[in-house]
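Please find below a colleague's note on the structure shown here. The points are arranged by topic and may be read in any order.

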Amino acid sequence: MTRATSAIRAAVVLLLLVVVLAPLGILIVTSLSRAWFYPAVLPAALDHSAWSDLIFDPAHRAALLNSLVLGATTAVVATTLALPLGRSAALSTRLVRRSVALLAFTAVALPPVALGAGLQLTVLTLGLGGTITGVFLSHLVPALGYLTLVFLGVFTRWDLRLEETAATLGATGVARWRLVLLPLLRRPIVEALALGFLVSWAQVALTLLVGGGAVRTLPLDVLAMLQSGQDQRAAAGALALAIPALVVLGASRVAARQTAAVVA
Amino acid sequence: MNSSRASGKRTALPLLLAGALLGVPIAAGVGYTVAGALGLVGNAAPGGLLRVLDDAAVLRSAMLSLWIAAAGTGIALVGAVSLALLFAGHSRLDAIARSTAALPLPVPTVAAAVAVLLLLSQSGWFSRVAAQLHVIARPADFPALVYDPIAVGVIAAVVWKELPFLLLVALSLQSLRGDALTSAARTLGASPWQTVRLVTLPLLMRGMAPSIIAVFVFVLGSLELPLVLAPSSPLALPLLIQERRQALDAASRGDAYVIALLATALALAAAVAHEWLRGDE
(Lines give C-alpha, C1' and ligand atoms only; values in the text may rest on other atoms or scores of the structure.)
Protein backbone atom coordinates (compact mmCIF):
# COMPACT_ATOMS: atom_id res chain seq x y z
CA MET A 1 0.00 0.00 0.00
CA THR A 2 1.46 3.35 -1.04
CA ARG A 3 1.82 6.30 1.33
CA ALA A 4 -0.80 8.22 -0.70
CA THR A 5 -3.33 5.37 -0.34
CA SER A 6 -2.70 5.20 3.42
CA ALA A 7 -3.25 8.96 3.71
CA ILE A 8 -6.51 8.75 1.71
CA ARG A 9 -7.74 5.86 3.87
CA ALA A 10 -6.93 7.75 7.08
CA ALA A 11 -8.69 10.89 5.76
CA VAL A 12 -11.77 8.87 4.78
CA VAL A 13 -11.95 7.28 8.25
CA LEU A 14 -11.73 10.74 9.83
CA LEU A 15 -14.52 12.03 7.57
CA LEU A 16 -16.58 8.92 8.31
CA LEU A 17 -16.22 9.48 12.07
CA VAL A 18 -17.43 13.09 11.70
CA VAL A 19 -20.35 12.22 9.39
CA VAL A 20 -21.53 9.28 11.51
CA LEU A 21 -21.03 10.85 14.94
CA ALA A 22 -22.16 14.45 14.22
CA PRO A 23 -25.91 13.58 14.13
CA LEU A 24 -25.62 11.61 17.38
CA GLY A 25 -23.53 14.42 18.91
CA ILE A 26 -26.08 17.12 18.04
CA LEU A 27 -28.84 15.03 19.62
CA ILE A 28 -26.83 14.65 22.86
CA VAL A 29 -25.95 18.36 23.08
CA THR A 30 -29.47 19.57 22.18
CA SER A 31 -31.11 17.17 24.65
CA LEU A 32 -28.96 18.65 27.46
CA SER A 33 -29.07 22.28 26.34
CA ARG A 34 -30.66 25.28 28.02
CA ALA A 35 -30.93 28.78 26.57
CA TRP A 36 -29.20 27.82 23.33
CA PHE A 37 -29.86 30.89 21.22
CA TYR A 38 -28.75 31.54 17.64
CA PRO A 39 -25.88 31.94 16.65
CA ALA A 40 -24.16 30.29 19.65
CA VAL A 41 -22.36 27.13 18.58
CA LEU A 42 -22.65 25.62 22.06
CA PRO A 43 -25.43 26.04 24.64
CA ALA A 44 -24.95 28.65 27.36
CA ALA A 45 -25.98 26.17 30.05
CA LEU A 46 -26.82 22.52 30.43
CA ASP A 47 -29.74 20.85 32.16
CA HIS A 48 -31.42 17.46 32.17
CA SER A 49 -35.04 18.58 32.27
CA ALA A 50 -35.85 16.99 28.88
CA TRP A 51 -34.59 13.63 30.13
CA SER A 52 -36.45 13.98 33.45
CA ASP A 53 -39.67 14.77 31.56
CA LEU A 54 -39.17 11.75 29.34
CA ILE A 55 -38.93 9.44 32.34
CA PHE A 56 -41.11 11.11 35.00
CA ASP A 57 -43.82 12.90 32.99
CA PRO A 58 -46.75 10.41 33.04
CA ALA A 59 -47.72 11.02 29.37
CA HIS A 60 -44.18 10.55 28.03
CA ARG A 61 -43.60 7.58 30.33
CA ALA A 62 -46.79 5.95 29.02
CA ALA A 63 -45.56 6.42 25.44
CA LEU A 64 -42.17 4.93 26.35
CA LEU A 65 -43.83 1.96 28.06
CA ASN A 66 -46.18 1.41 25.09
CA SER A 67 -43.16 1.35 22.76
CA LEU A 68 -41.30 -1.12 24.99
CA VAL A 69 -44.32 -3.42 25.37
CA LEU A 70 -45.08 -3.31 21.64
CA GLY A 71 -41.41 -3.91 20.73
CA ALA A 72 -40.96 -6.84 23.12
CA THR A 73 -44.28 -8.50 22.24
CA THR A 74 -43.76 -8.07 18.50
CA ALA A 75 -40.23 -9.49 18.79
CA VAL A 76 -41.29 -12.60 20.72
CA VAL A 77 -44.45 -13.37 18.73
CA ALA A 78 -42.90 -12.66 15.31
CA THR A 79 -39.83 -14.80 16.12
CA THR A 80 -42.03 -17.65 17.40
CA LEU A 81 -44.13 -17.60 14.23
CA ALA A 82 -41.39 -16.86 11.68
CA LEU A 83 -39.03 -19.64 12.82
CA PRO A 84 -41.31 -22.60 11.91
CA LEU A 85 -42.49 -20.76 8.79
CA GLY A 86 -38.94 -20.07 7.57
CA ARG A 87 -37.84 -23.62 8.40
CA SER A 88 -40.75 -25.38 6.71
CA ALA A 89 -40.42 -23.18 3.61
CA ALA A 90 -36.64 -23.67 3.37
CA LEU A 91 -37.01 -27.45 3.60
CA SER A 92 -39.75 -27.50 0.95
CA THR A 93 -39.61 -27.24 -2.84
CA ARG A 94 -37.96 -24.37 -4.69
CA LEU A 95 -41.33 -23.00 -5.81
CA VAL A 96 -42.71 -22.96 -2.26
CA ARG A 97 -39.49 -21.38 -0.97
CA ARG A 98 -39.65 -18.59 -3.51
CA SER A 99 -43.39 -18.04 -3.06
CA VAL A 100 -42.94 -17.63 0.70
CA ALA A 101 -39.96 -15.30 0.14
CA LEU A 102 -42.05 -13.21 -2.27
CA LEU A 103 -44.88 -12.95 0.24
CA ALA A 104 -42.47 -12.04 3.06
CA PHE A 105 -40.76 -9.36 0.99
CA THR A 106 -44.15 -7.95 -0.03
CA ALA A 107 -45.05 -7.55 3.66
CA VAL A 108 -41.84 -5.55 4.09
CA ALA A 109 -42.00 -3.57 0.84
CA LEU A 110 -45.60 -2.37 0.91
CA PRO A 111 -45.60 1.34 1.75
CA PRO A 112 -46.76 1.58 5.40
CA VAL A 113 -49.22 4.33 4.48
CA ALA A 114 -50.83 2.11 1.83
CA LEU A 115 -50.75 -1.08 3.92
CA GLY A 116 -51.82 0.87 7.00
CA ALA A 117 -54.85 2.34 5.23
CA GLY A 118 -56.13 -1.19 4.60
CA LEU A 119 -55.04 -2.57 7.97
CA GLN A 120 -56.77 0.33 9.72
CA LEU A 121 -60.12 -0.66 8.21
CA THR A 122 -59.43 -4.34 9.02
CA VAL A 123 -58.63 -3.54 12.64
CA LEU A 124 -61.69 -1.27 12.90
CA THR A 125 -63.85 -4.13 11.61
CA LEU A 126 -62.38 -6.37 14.32
CA GLY A 127 -63.27 -3.74 16.92
CA LEU A 128 -59.60 -3.10 17.71
CA GLY A 129 -59.23 0.40 16.23
CA GLY A 130 -57.28 2.76 18.47
CA THR A 131 -56.15 -0.05 20.79
CA ILE A 132 -52.65 -1.27 21.57
CA THR A 133 -53.71 -4.78 20.45
CA GLY A 134 -54.67 -3.43 17.03
CA VAL A 135 -51.35 -1.57 16.76
CA PHE A 136 -49.48 -4.73 17.81
CA LEU A 137 -51.26 -6.74 15.08
CA SER A 138 -50.27 -4.13 12.49
CA HIS A 139 -46.61 -4.12 13.66
CA LEU A 140 -46.61 -7.90 13.38
CA VAL A 141 -47.09 -7.78 9.59
CA PRO A 142 -43.75 -6.14 8.59
CA ALA A 143 -41.93 -7.83 11.52
CA LEU A 144 -43.09 -11.25 10.32
CA GLY A 145 -41.97 -10.36 6.79
CA TYR A 146 -38.44 -9.43 7.93
CA LEU A 147 -38.05 -12.42 10.26
CA THR A 148 -39.41 -14.93 7.75
CA LEU A 149 -36.71 -13.72 5.33
CA VAL A 150 -34.11 -14.11 8.12
CA PHE A 151 -35.10 -17.69 8.99
CA LEU A 152 -35.55 -18.61 5.32
CA GLY A 153 -31.91 -17.57 4.81
CA VAL A 154 -30.78 -19.48 7.92
CA PHE A 155 -32.53 -22.75 7.02
CA THR A 156 -31.70 -22.60 3.29
CA ARG A 157 -28.05 -23.10 4.33
CA TRP A 158 -28.95 -25.49 7.15
CA ASP A 159 -27.10 -28.80 7.48
CA LEU A 160 -29.73 -31.45 8.25
CA ARG A 161 -27.16 -34.14 9.03
CA LEU A 162 -26.85 -33.18 12.71
CA GLU A 163 -30.59 -33.61 13.26
CA GLU A 164 -30.56 -36.87 11.29
CA THR A 165 -27.67 -38.19 13.39
CA ALA A 166 -29.51 -37.24 16.59
CA ALA A 167 -32.62 -39.04 15.30
CA THR A 168 -30.55 -42.11 14.42
CA LEU A 169 -29.19 -42.08 17.97
CA GLY A 170 -32.76 -42.17 19.29
CA ALA A 171 -33.51 -38.50 20.00
CA THR A 172 -37.24 -37.67 19.90
CA GLY A 173 -38.57 -34.58 18.09
CA VAL A 174 -38.57 -32.53 21.31
CA ALA A 175 -35.07 -33.72 22.25
CA ARG A 176 -33.77 -32.82 18.77
CA TRP A 177 -35.13 -29.27 19.15
CA ARG A 178 -33.84 -28.91 22.74
CA LEU A 179 -30.43 -30.49 22.32
CA VAL A 180 -29.51 -29.82 18.70
CA LEU A 181 -31.59 -27.17 16.98
CA LEU A 182 -32.05 -24.52 19.67
CA PRO A 183 -28.38 -24.38 20.75
CA LEU A 184 -27.37 -23.99 17.10
CA LEU A 185 -30.12 -21.44 16.50
CA ARG A 186 -29.25 -19.25 19.49
CA ARG A 187 -27.52 -16.63 17.35
CA PRO A 188 -30.22 -16.28 14.65
CA ILE A 189 -32.94 -16.29 17.33
CA VAL A 190 -31.22 -13.48 19.27
CA GLU A 191 -30.75 -11.52 16.02
CA ALA A 192 -34.38 -12.12 15.05
CA LEU A 193 -35.60 -10.92 18.46
CA ALA A 194 -33.45 -7.79 18.08
CA LEU A 195 -34.72 -7.13 14.55
CA GLY A 196 -38.36 -7.77 15.52
CA PHE A 197 -38.02 -5.35 18.44
CA LEU A 198 -36.48 -2.66 16.23
CA VAL A 199 -39.14 -2.98 13.50
CA SER A 200 -41.84 -2.20 16.06
CA TRP A 201 -39.74 0.26 18.12
CA ALA A 202 -39.19 2.54 15.10
CA GLN A 203 -42.66 2.18 13.57
CA VAL A 204 -44.48 5.45 12.85
CA ALA A 205 -46.95 5.12 9.97
CA LEU A 206 -48.74 1.96 11.13
CA THR A 207 -49.00 3.23 14.72
CA LEU A 208 -50.38 6.54 13.51
CA LEU A 209 -52.95 4.97 11.17
CA VAL A 210 -54.07 1.97 13.20
CA GLY A 211 -53.68 3.63 16.61
CA GLY A 212 -55.62 6.62 15.33
CA GLY A 213 -53.77 8.93 17.73
CA ALA A 214 -55.14 7.04 20.75
CA VAL A 215 -52.06 4.84 21.14
CA ARG A 216 -49.04 6.99 21.97
CA THR A 217 -45.56 5.63 21.33
CA LEU A 218 -42.14 7.23 21.64
CA PRO A 219 -41.62 7.91 17.88
CA LEU A 220 -45.01 9.64 17.70
CA ASP A 221 -44.14 11.68 20.81
CA VAL A 222 -40.84 12.74 19.22
CA LEU A 223 -42.64 13.94 16.08
CA ALA A 224 -45.24 15.81 18.16
CA MET A 225 -42.52 17.53 20.22
CA LEU A 226 -40.61 18.48 17.09
CA GLN A 227 -43.71 19.93 15.43
CA SER A 228 -44.46 22.01 18.53
CA GLY A 229 -40.92 23.43 18.54
CA GLN A 230 -39.69 21.55 21.61
CA ASP A 231 -36.28 20.73 20.12
CA GLN A 232 -34.68 19.82 23.44
CA ARG A 233 -37.37 17.26 24.29
CA ALA A 234 -37.48 15.96 20.71
CA ALA A 235 -33.71 15.41 20.81
CA ALA A 236 -33.96 13.55 24.13
CA GLY A 237 -36.76 11.41 22.71
CA ALA A 238 -34.80 10.73 19.51
CA LEU A 239 -31.78 9.66 21.58
CA ALA A 240 -34.02 7.50 23.77
CA LEU A 241 -35.12 5.83 20.52
CA ALA A 242 -31.55 5.40 19.27
CA ILE A 243 -29.91 4.13 22.49
CA PRO A 244 -31.90 0.88 22.91
CA ALA A 245 -31.45 0.25 19.18
CA LEU A 246 -27.67 0.59 19.50
CA VAL A 247 -27.67 -1.54 22.69
CA VAL A 248 -29.76 -4.22 20.98
CA LEU A 249 -27.34 -4.27 18.03
CA GLY A 250 -24.34 -4.46 20.38
CA ALA A 251 -25.96 -7.21 22.48
CA SER A 252 -26.82 -9.28 19.42
CA ARG A 253 -23.19 -8.96 18.24
CA VAL A 254 -21.91 -10.12 21.65
CA ALA A 255 -24.40 -13.01 21.65
CA ALA A 256 -23.30 -13.89 18.12
CA ARG A 257 -19.64 -13.95 19.17
CA GLN A 258 -20.44 -16.10 22.23
CA THR A 259 -22.45 -18.49 20.08
CA ALA A 260 -19.63 -18.71 17.58
CA ALA A 261 -17.32 -19.63 20.47
CA VAL A 262 -19.79 -22.25 21.78
CA VAL A 263 -20.26 -23.79 18.34
CA ALA A 264 -16.52 -23.76 17.69
CA MET B 1 -47.40 -43.66 -0.43
CA ASN B 2 -45.73 -42.49 2.79
CA SER B 3 -43.12 -40.59 0.80
CA SER B 4 -45.73 -38.72 -1.28
CA ARG B 5 -47.69 -37.88 1.89
CA ALA B 6 -44.52 -36.53 3.50
CA SER B 7 -43.76 -34.55 0.36
CA GLY B 8 -47.31 -33.15 0.32
CA LYS B 9 -46.96 -32.14 3.97
CA ARG B 10 -43.61 -30.49 3.20
CA THR B 11 -45.30 -28.36 0.54
CA ALA B 12 -48.62 -27.71 2.26
CA LEU B 13 -47.35 -26.71 5.71
CA PRO B 14 -45.23 -23.71 4.67
CA LEU B 15 -47.89 -22.55 2.22
CA LEU B 16 -50.58 -22.77 4.90
CA LEU B 17 -48.42 -20.96 7.44
CA ALA B 18 -47.36 -18.26 4.96
CA GLY B 19 -50.93 -17.85 3.74
CA ALA B 20 -52.30 -17.45 7.26
CA LEU B 21 -49.52 -15.31 8.72
CA LEU B 22 -48.53 -13.15 5.75
CA GLY B 23 -51.09 -13.64 2.98
CA VAL B 24 -54.20 -12.88 5.05
CA PRO B 25 -53.02 -9.52 6.47
CA ILE B 26 -51.59 -8.44 3.11
CA ALA B 27 -54.79 -9.46 1.30
CA ALA B 28 -56.88 -7.70 3.96
CA GLY B 29 -54.73 -4.57 3.69
CA VAL B 30 -54.79 -4.48 -0.11
CA GLY B 31 -58.43 -5.62 -0.28
CA TYR B 32 -59.64 -2.83 1.98
CA THR B 33 -57.57 -0.33 -0.03
CA VAL B 34 -59.30 -1.55 -3.22
CA ALA B 35 -62.67 -1.28 -1.47
CA GLY B 36 -61.74 2.24 -0.36
CA ALA B 37 -60.81 3.17 -3.92
CA LEU B 38 -64.19 1.89 -5.09
CA GLY B 39 -65.94 3.97 -2.42
CA LEU B 40 -67.29 0.89 -0.62
CA VAL B 41 -65.58 1.54 2.72
CA GLY B 42 -63.71 4.31 4.54
CA ASN B 43 -66.43 6.93 4.07
CA ALA B 44 -65.06 7.66 0.59
CA ALA B 45 -66.59 8.27 -2.82
CA PRO B 46 -65.24 6.12 -5.66
CA GLY B 47 -61.78 7.37 -6.59
CA GLY B 48 -61.10 7.98 -10.25
CA LEU B 49 -57.98 6.39 -11.67
CA LEU B 50 -57.92 8.71 -14.68
CA ARG B 51 -58.57 11.74 -12.46
CA VAL B 52 -55.67 10.77 -10.21
CA LEU B 53 -53.33 10.10 -13.15
CA ASP B 54 -54.29 13.47 -14.64
CA ASP B 55 -53.75 15.33 -11.35
CA ALA B 56 -50.66 17.57 -11.54
CA ALA B 57 -50.25 17.49 -7.73
CA VAL B 58 -50.08 13.67 -7.77
CA LEU B 59 -47.53 13.75 -10.59
CA ARG B 60 -45.34 16.30 -8.76
CA SER B 61 -45.55 14.26 -5.55
CA ALA B 62 -44.63 11.07 -7.37
CA MET B 63 -41.68 12.81 -9.05
CA LEU B 64 -40.42 14.18 -5.70
CA SER B 65 -40.69 10.77 -4.01
CA LEU B 66 -38.99 9.01 -6.92
CA TRP B 67 -36.22 11.65 -6.90
CA ILE B 68 -35.63 11.21 -3.15
CA ALA B 69 -35.57 7.41 -3.44
CA ALA B 70 -33.32 7.39 -6.53
CA ALA B 71 -30.84 10.02 -5.34
CA GLY B 72 -30.70 8.68 -1.76
CA THR B 73 -30.24 5.07 -2.85
CA GLY B 74 -27.72 6.04 -5.56
CA ILE B 75 -25.50 8.13 -3.26
CA ALA B 76 -25.69 5.49 -0.49
CA LEU B 77 -24.74 2.83 -3.03
CA VAL B 78 -21.71 4.74 -4.34
CA GLY B 79 -20.58 5.42 -0.76
CA ALA B 80 -21.11 1.83 0.36
CA VAL B 81 -19.25 0.30 -2.59
CA SER B 82 -16.37 2.81 -2.25
CA LEU B 83 -16.02 2.03 1.46
CA ALA B 84 -16.25 -1.72 0.83
CA LEU B 85 -13.42 -1.48 -1.73
CA LEU B 86 -11.28 0.78 0.48
CA PHE B 87 -11.74 -1.07 3.78
CA ALA B 88 -12.09 -4.76 2.94
CA GLY B 89 -8.79 -5.69 4.63
CA HIS B 90 -7.95 -7.01 8.09
CA SER B 91 -6.04 -4.04 9.55
CA ARG B 92 -7.19 -2.07 12.60
CA LEU B 93 -8.09 0.90 10.37
CA ASP B 94 -10.31 -1.36 8.22
CA ALA B 95 -12.11 -2.61 11.33
CA ILE B 96 -12.59 0.92 12.70
CA ALA B 97 -13.95 2.15 9.35
CA ARG B 98 -16.40 -0.76 9.04
CA SER B 99 -17.65 -0.48 12.65
CA THR B 100 -18.06 3.30 12.39
CA ALA B 101 -19.93 3.11 9.10
CA ALA B 102 -22.28 0.44 10.51
CA LEU B 103 -23.26 2.52 13.56
CA PRO B 104 -26.33 4.28 12.06
CA LEU B 105 -27.84 0.94 10.93
CA PRO B 106 -30.15 0.35 13.94
CA VAL B 107 -30.91 4.03 14.63
CA PRO B 108 -34.67 4.58 14.01
CA THR B 109 -35.51 6.78 11.03
CA VAL B 110 -37.29 9.34 13.22
CA ALA B 111 -34.12 9.86 15.29
CA ALA B 112 -32.04 10.29 12.11
CA ALA B 113 -34.54 12.82 10.75
CA VAL B 114 -34.48 14.88 13.98
CA ALA B 115 -30.66 14.90 13.98
CA VAL B 116 -30.46 16.01 10.34
CA LEU B 117 -32.99 18.78 11.02
CA LEU B 118 -30.95 20.05 13.99
CA LEU B 119 -27.79 20.05 11.86
CA LEU B 120 -28.96 21.34 8.47
CA SER B 121 -31.90 23.70 9.09
CA GLN B 122 -31.44 27.45 8.66
CA SER B 123 -31.09 27.83 12.43
CA GLY B 124 -29.25 24.50 12.78
CA TRP B 125 -25.71 23.83 13.90
CA PHE B 126 -24.02 24.32 10.51
CA SER B 127 -25.80 27.67 10.11
CA ARG B 128 -24.55 28.68 13.60
CA VAL B 129 -20.99 27.78 12.61
CA ALA B 130 -21.34 29.79 9.38
CA ALA B 131 -22.65 32.75 11.39
CA GLN B 132 -19.75 32.54 13.86
CA LEU B 133 -17.33 32.51 10.91
CA HIS B 134 -19.15 35.59 9.49
CA VAL B 135 -20.01 33.69 6.31
CA ILE B 136 -23.68 34.57 6.88
CA ALA B 137 -25.30 37.39 8.86
CA ARG B 138 -28.65 35.78 9.77
CA PRO B 139 -30.35 32.36 9.50
CA ALA B 140 -32.15 33.30 6.27
CA ASP B 141 -28.77 33.70 4.55
CA PHE B 142 -28.01 30.02 5.08
CA PRO B 143 -29.05 27.86 2.08
CA ALA B 144 -32.31 25.99 2.61
CA LEU B 145 -31.23 22.38 3.06
CA VAL B 146 -34.45 21.19 4.70
CA TYR B 147 -38.02 21.75 3.43
CA ASP B 148 -36.22 22.61 0.15
CA PRO B 149 -37.56 21.74 -3.32
CA ILE B 150 -34.80 19.23 -4.10
CA ALA B 151 -35.02 17.62 -0.65
CA VAL B 152 -31.32 17.80 0.29
CA GLY B 153 -32.11 17.12 3.96
CA VAL B 154 -34.22 14.04 3.23
CA ILE B 155 -31.56 12.66 0.89
CA ALA B 156 -28.83 13.29 3.52
CA ALA B 157 -30.88 11.38 6.11
CA VAL B 158 -31.50 8.53 3.64
CA VAL B 159 -27.77 8.23 2.89
CA TRP B 160 -26.85 8.32 6.61
CA LYS B 161 -29.40 5.59 7.38
CA GLU B 162 -29.09 3.31 4.34
CA LEU B 163 -25.37 3.40 3.50
CA PRO B 164 -24.52 1.04 6.42
CA PHE B 165 -26.99 -1.58 5.19
CA LEU B 166 -25.62 -1.52 1.63
CA LEU B 167 -22.05 -1.54 2.99
CA LEU B 168 -22.73 -4.69 5.05
CA VAL B 169 -24.22 -6.37 1.98
CA ALA B 170 -21.19 -5.38 -0.16
CA LEU B 171 -18.71 -6.60 2.49
CA SER B 172 -20.59 -9.86 2.92
CA LEU B 173 -20.59 -10.44 -0.86
CA GLN B 174 -16.86 -9.71 -1.03
CA SER B 175 -16.09 -12.13 1.76
CA LEU B 176 -18.30 -14.88 0.26
CA ARG B 177 -16.78 -14.44 -3.20
CA GLY B 178 -13.17 -14.49 -2.07
CA ASP B 179 -10.39 -13.06 -4.23
CA ALA B 180 -9.94 -15.87 -6.78
CA LEU B 181 -11.45 -13.92 -9.68
CA THR B 182 -9.62 -10.67 -8.94
CA SER B 183 -6.34 -12.61 -8.55
CA ALA B 184 -6.97 -14.31 -11.90
CA ALA B 185 -7.63 -10.93 -13.55
CA ARG B 186 -4.40 -9.51 -12.11
CA THR B 187 -2.44 -12.62 -13.24
CA LEU B 188 -3.84 -12.09 -16.75
CA GLY B 189 -2.40 -8.58 -16.78
CA ALA B 190 -5.32 -6.37 -15.68
CA SER B 191 -4.35 -3.20 -13.80
CA PRO B 192 -5.86 -2.66 -10.29
CA TRP B 193 -8.39 -0.17 -11.72
CA GLN B 194 -9.32 -2.52 -14.59
CA THR B 195 -9.80 -5.33 -12.07
CA VAL B 196 -12.16 -3.15 -10.02
CA ARG B 197 -14.05 -1.87 -13.10
CA LEU B 198 -14.33 -5.13 -15.04
CA VAL B 199 -14.48 -7.79 -12.31
CA THR B 200 -15.23 -6.51 -8.81
CA LEU B 201 -17.89 -3.88 -9.58
CA PRO B 202 -20.02 -5.99 -11.98
CA LEU B 203 -20.02 -8.88 -9.48
CA LEU B 204 -20.90 -6.56 -6.59
CA MET B 205 -23.69 -4.85 -8.53
CA ARG B 206 -25.24 -8.18 -9.50
CA GLY B 207 -25.14 -9.43 -5.91
CA MET B 208 -26.38 -6.17 -4.46
CA ALA B 209 -29.31 -5.67 -6.87
CA PRO B 210 -32.00 -7.12 -4.51
CA SER B 211 -30.75 -4.98 -1.61
CA ILE B 212 -30.70 -1.86 -3.80
CA ILE B 213 -34.35 -2.51 -4.73
CA ALA B 214 -35.21 -3.07 -1.06
CA VAL B 215 -33.67 0.28 -0.05
CA PHE B 216 -35.34 2.12 -2.95
CA VAL B 217 -38.78 0.76 -2.06
CA PHE B 218 -38.29 1.43 1.66
CA VAL B 219 -37.34 5.07 1.01
CA LEU B 220 -40.19 5.53 -1.47
CA GLY B 221 -42.74 4.44 1.14
CA SER B 222 -41.18 6.17 4.13
CA LEU B 223 -43.53 8.58 5.92
CA GLU B 224 -41.36 9.94 8.72
CA LEU B 225 -38.44 11.33 6.67
CA PRO B 226 -40.57 13.61 4.45
CA LEU B 227 -42.78 14.45 7.44
CA VAL B 228 -39.78 15.98 9.24
CA LEU B 229 -37.56 17.18 6.40
CA ALA B 230 -39.34 17.45 3.03
CA PRO B 231 -41.06 20.51 1.50
CA SER B 232 -44.79 21.00 1.94
CA SER B 233 -45.20 21.73 -1.78
CA PRO B 234 -45.10 19.36 -3.49
CA LEU B 235 -45.82 16.82 -0.78
CA ALA B 236 -44.00 13.49 -0.87
CA LEU B 237 -46.34 10.70 -2.01
CA PRO B 238 -46.96 9.10 1.45
CA LEU B 239 -47.84 12.55 2.84
CA LEU B 240 -50.15 13.26 -0.10
CA ILE B 241 -51.99 9.98 0.58
CA GLN B 242 -52.35 10.97 4.24
CA GLU B 243 -53.53 14.48 3.39
CA ARG B 244 -56.20 13.24 0.97
CA ARG B 245 -57.38 10.53 3.36
CA GLN B 246 -58.06 13.24 5.93
CA ALA B 247 -59.74 15.59 3.43
CA LEU B 248 -63.30 16.72 4.05
CA ASP B 249 -64.69 15.73 0.64
CA ALA B 250 -65.38 12.07 0.00
CA ALA B 251 -63.92 12.19 -3.54
CA SER B 252 -60.47 13.17 -2.23
CA ARG B 253 -60.62 10.29 0.26
CA GLY B 254 -61.43 7.91 -2.59
CA ASP B 255 -58.51 9.34 -4.57
CA ALA B 256 -56.23 8.72 -1.58
CA TYR B 257 -57.02 4.99 -1.79
CA VAL B 258 -56.37 5.04 -5.56
CA ILE B 259 -52.93 6.66 -4.98
CA ALA B 260 -52.26 4.11 -2.22
CA LEU B 261 -53.13 1.35 -4.69
CA LEU B 262 -50.71 2.77 -7.27
CA ALA B 263 -47.98 2.85 -4.59
CA THR B 264 -48.91 -0.73 -3.66
CA ALA B 265 -48.64 -1.84 -7.30
CA LEU B 266 -45.18 -0.26 -7.50
CA ALA B 267 -44.11 -2.06 -4.31
CA LEU B 268 -45.48 -5.39 -5.61
CA ALA B 269 -43.54 -4.94 -8.87
CA ALA B 270 -40.42 -4.21 -6.83
CA ALA B 271 -41.06 -7.34 -4.70
CA VAL B 272 -41.27 -9.49 -7.84
CA ALA B 273 -38.10 -7.87 -9.26
CA HIS B 274 -36.37 -8.40 -5.88
CA GLU B 275 -37.19 -12.12 -5.84
CA TRP B 276 -36.26 -12.53 -9.50
CA LEU B 277 -32.86 -10.90 -8.99
CA ARG B 278 -32.23 -12.65 -5.66
CA GLY B 279 -32.50 -16.07 -7.22
CA ASP B 280 -32.61 -19.08 -4.87
CA GLU B 281 -30.06 -18.12 -2.27
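1. Confidence. The structure is a predicted model. For the complex as a whole, the predictor reports an ipTM of 0.87 and a pTM of 0.88. Chain B has a mean pLDDT of 88, with 95% of its residues at 70 or more. Within chain B, the lowest confidence falls in H1(B), with a mean of 80, and the highest in H5(B), at 97.

2. Overall form of chain A. Chain A contains eleven helices and two strands, and their order along the sequence is α-β-β-α-α-α-α-α-α-α-α-α-α. Its C-alpha atoms occupy a box of roughly 75 × 65 × 30 Å along the principal axes. Of the 264 residues in chain A, 48% are buried. Among the contacts in chain A between residues at least 6 apart in sequence, 73% connect residues at least 24 apart.

3. Helix H1 of chain A covers residues 3–31, and its 29 residues reach 42 Å from first C-alpha to last, close to the 42 Å expected at 1.5 Å a residue.

4. The interface. In the model, 74 residues of chain B are in contact with 73 residues of chain A. Elements that give two or more residues to the chain B side include H1 (2–37), H9 (192–221) and H12 (250–278) of chain B. The largest share of that side, 19 residues, is supplied by H1(B). By residue type, the chain B side divides into 52 nonpolar, 15 polar and seven charged residues. It should be noted that H1(B) is also where confidence in chain B is lowest, at a mean of 80.

5. The nonpolar core. The largest nonpolar core comprises 165 residues, and those with the most contacts inside it are Leu144(A), Ala238(A), Val114(B) and Ala115(B). Helix H6 of chain A, residues 132–156, contributes the most to this core, with 14 residues. Which residues does Val114(B) touch, leaving aside those up to four places away in sequence? They are Leu27(A), Val222(A), Leu226(A), Ala234(A), Ala235(A), Ala238(A) and Val228(B).

6. Helix H7 of chain B. This helix runs over residues 152–177; because its 26 residues should span 38 Å at 1.5 Å a residue, the 36 Å between its end C-alpha atoms agrees with expectation. H7(B) has a kink of about 35 degrees at Glu162(B), shortly before the proline Pro164(B). After H7(B) comes Gly178(B), which has a positive phi near 75 degrees.

7. Leu53(B). Leu53(B) belongs to helix H2 of chain B, residues 49–53. Its C-alpha atom is separated by 33 Å from that of Met208(B), which is 155 residues away along the chain.

How values were computed: Residues are numbered from 1 along each chain as its sequence is written. Chains are lettered from A and ligands numbered from 1 in the order in which they are written. This is a predicted model: local features need pLDDT of at least 70, side-chain atom pairs count only at pLDDT 80 or more; totals for chains, interfaces and linings use all residues. Two residues are in contact if their C-beta atoms, placed from the backbone, lie within 7 Å. Helices (H or I, at least four residues) and strands (E, at least two) are DSSP runs, numbered from the N terminus. Ala, Val, Leu, Ile, Met, Phe, Trp, Tyr, Cys and Pro count as nonpolar, Asp, Glu, Lys and Arg as charged, and the others, Gly among them, as polar. A residue is buried if 20 or more other C-beta atoms lie within 10 Å of its own, exposed if 12 or fewer, and partly exposed in between; C-beta atoms are placed from the backbone. The expected span of a helix is 1.5 Å times one less than its number of residues. The bend at a residue is the angle between axes fitted to the seven residues ending there and the seven starting there. A nonpolar core is a set of buried Ala, Val, Leu, Ile, Met, Phe, Trp, Tyr and Cys residues joined through C-beta atoms within 7 Å. pLDDT is the predictor's confidence in each residue, from 0 to 100.
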